[in-house]
Amino acid sequence: MEDTSTPSGKNDPRSLCPVSLALELFGDAWSLLIVRDLMFRGADSYKAFLAAGEGIATNVLSDRLARLESHGIIEKHRDPRDGRRFVYRLTAKGADLAPVIVSIVLWSARHTQTDAPAELVAAMRADPAAFARQTIARLRQAEPARPRGRTRKRGTV
């Protein structure tokens with residue numbers, strides 16, 4: 001059975017509407033930006049999420065990481081390069097958000113001016129389902145705690 005608890009951990013969702021249930025799990029901007037950073041920007045650490053450019057407060061970041069982890073969307077591991085740090089990655093459940101993120105990118109690129117690379121948006125637009133499947137496959141093949149470079153702030157999704 002799927003987890004239907006609310007972000008507070010209670011098993012009393014507002015409703016059983018699929019949209020409402022999904023929004024209770026990841027429906028705030030910060031949670032989706034963390035998913036985006038993990039999915040497309042190579043961010044995998046607390047410090048990288050703070051440096052992503054949107055100005056998330058440290059207490060909000062800690063809360064969203066804990067919430068996403070408690071709902072099985074992300075997992076954290078000790079950094080193999082520095083045992084004092086943690087690194088984060090999307091779980092299979094989190095990777096399955098790729099079609100949602102692709103749809104949001106395409107909607108935004110259609111209706112607003114963005115700094116997403118035109119070639120990336122074009123690849124998404126050409127075959128959104130295939131792009132999402134490839135993203136999911138890449139994320140599922142990734143090692144749990146691999147070394148990553150700096151995150152990109154501009155010109156990425």
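**Cavity, hairpin and core**

Q: What are the residues lining the second largest cavity like: nonpolar, polar or charged?
A: The lining divides into eight nonpolar, two polar and two charged residues. Here Ala, Val, Leu, Ile, Met, Phe, Trp, Tyr, Cys and Pro count as nonpolar, Asp, Glu, Lys and Arg as charged, and the others, Gly among them, as polar. This is a predicted model: local features need pLDDT of at least 70, side-chain atom pairs count only at pLDDT 80 or more, and totals for chains, interfaces and linings use all residues. Residues are numbered from 1 along each chain as its sequence is written, and side-chain values use heavy atoms, with hydrogens and water left out.

Q: Which residues are in that lining?
A: Among them are W30, L33, I34, D37, F49 and L61. A lining residue has an atom within 4 Å of a cavity point, on a 1 Å grid over the protein atoms alone; a cavity is a set of points where a 1.4 Å probe fits but cannot get out.

Q: Which elements give two or more residues to that lining?
A: They are α2 (29-41) and α3 (46-50). Helix α2 gives the largest share, four residues. Helices (H or I, at least four residues) and strands (E, at least two) are DSSP runs, numbered from the N terminus.

Q: How much space is in there?
A: About 70 Å³. The volume is the space filled by probe spheres set on the points, which are joined across faces, edges and corners.

Q: New topic. How do β1 and β2 run?
A: Strands β1 (residues 74-79) and β2 (residues 82-90) run antiparallel, joined by six bridges. Strands pair if DSSP finds at least two bridges between them. The two form a hairpin with two residues between them. D79 has D82 as its bridge partner in β2.

Q: What about I74, buried or exposed?
A: I74 lies in β1. It is buried because its relative accessible area is 1%, and buried means under 20%, exposed over 50%, partly exposed in between (1.4 Å probe, protein chains only).

Q: What does I74 touch?
A: Beyond neighbours within four places in sequence, its contacts (heavy atoms within 4.5 Å) include L38, L65, Y88 and L90.

Q: And what does L90 touch?
A: Not counting residues up to four places away, L90 touches V35, L38, M39, I73, I74, A95 and L139.

Q: How many residues are in the largest nonpolar core?
A: There are 32, and M39, F49, I73, I74 and L90 have the most contacts inside it. Such a core is a set of buried Ala, Val, Leu, Ile, Met, Phe, Trp, Tyr and Cys residues joined through side-chain atoms within 4.5 Å.

Definitions and conventions
1 Å grid on protein atoms, 1.4 Å probe; cavity = no way out; pocket = protein on both sides within 12 Å on 5 of 7 lines; lining within 4 Å.
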